[in-house]
Amino acid sequence: MDPPRKGCDPVCLDTIVKMAPKRVVYVSCDSATLARDLKYLGERGYAVKKVRGCDMFGQTGHVETVCLLSRKAQ
């Protein structure tokens with residue numbers, strides 16, 4: 001998913017949790033909302049497996065962050 005700068009709204013996050021995919025790839029341009037949403041998903045059964053910063057906007061302070069989350073074993 002690639003939400004806007006404000007991050008995912010609670011309905012979107014709840015839908016992801018209810019659908020329970022094995023993996024989620026989250027692309028974010030705002031580290032604060034990314035942290036908030038990762039915390040929410042982490043509390044509901046997902047673990048961050050990989051994180052990568054991508055400099056998509058050269059010569060600026062903006063970096064896209066790509067996170068791979070996997071569903072924890074039940």
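## Report on a predicted chain of two helices and three strands

T65 lies in strand 3, which covers residues 64-71; strands here are DSSP runs of E with at least two residues, helices are runs of H or I with at least four residues, and both are numbered from the N terminus. The model is predicted, so local features are described for pLDDT of at least 70 and side-chain atom pairs for pLDDT 80 or more, whereas totals for chains, interfaces and linings use all residues. Residues are numbered from 1 along each chain as its sequence is written, and side-chain values use heavy atoms, with hydrogens and water left out.

**The chain as a whole**

The chain holds two helices and three strands, and read from the N terminus these elements follow the order α-β-α-β-β. Its radius of gyration is 12 Å, which agrees with the value near 11 Å that a compact globule of 74 residues would have; that radius is taken over C-alpha atoms, and the globule rule is 2.2 Å times the number of residues to the power 0.38. Along its principal axes, the C-alpha trace spans about 45 × 25 × 15 Å.

Of the 74 residues, 31% are buried, where buried means under 20% relative accessible area, exposed means over 50% and partly exposed means in between, with a 1.4 Å probe and protein chains only. The chain exposes about 5100 Å², and carbon and sulfur atoms supply 57% of that area, which comes from the Shrake-Rupley method with a 1.4 Å probe.

The charged side chains number 13 positive and 8 negative, and the centres of the two sets lie 9 Å apart. In this count Lys and Arg are positive and Asp and Glu negative, while His and the chain ends are not counted; each charge is placed at NZ of Lys, CZ of Arg, CG of Asp or CD of Glu.

A contact means heavy atoms within 4.5 Å, and among contacts between residues at least 6 apart in sequence, 63% join residues at least 24 apart.

**The nonpolar core**

The largest nonpolar core has twelve residues, namely C8, L13, I16, V24, Y26, L34, L38, Y40, L41, Y46, C67 and L69; such a core is a set of buried Ala, Val, Leu, Ile, Met, Phe, Trp, Tyr and Cys residues joined through side-chain atoms within 4.5 Å. At least two residues of this core come from each of helix 1, strand 1 (23-28), helix 2 (31-42) and strand 3, and helix 2 gives the largest share with four residues.

L69 is a member of this core, and beyond the residues up to four places away in sequence its partners include V24, Y26, L38, L41 and Y46, along with K22 and K49. T65 is also buried, because its relative accessibility is 18%, and with the same exclusion of residues up to four places away it touches Y26, V27, S28, L34, V51 and R52.

**Where the ends of the chain meet other parts**

D2 sits in the segment before helix 1 (10-19) and is exposed, with a relative accessible area of 56%.

K72 belongs to the segment after strand 3 and is partly exposed at 41% relative accessible area; apart from residues up to four places away in sequence, it touches G42, G45, Y46 and A47. G45, in turn, lies in the loop between helix 2 and strand 2 and is buried, with a relative accessible area of 14%. Its partners, under the same exclusion, are S70, R71 and K72.

The separations of three residue pairs are set out below.

| C-alpha pair | Separation along the chain | C-alpha distance |
|---|---|---|
| D2 and V66 | 64 residues | 9.2 Å |
| G45 and S70 | 25 residues | 8.5 Å |
| K72 and Y46 | 26 residues | 5.5 Å |

**Two residues with positive phi**

Most residues other than glycine have a negative phi. A20, which is not a glycine, has a positive phi of about 55°; it is found in the loop between helix 1 and strand 1, and its relative accessibility of 32% counts as partly exposed. Q59 likewise has a positive phi, near 65°, and is placed in the loop between strand 2 (46-54) and strand 3, where it is exposed with a relative accessible area of 86%.
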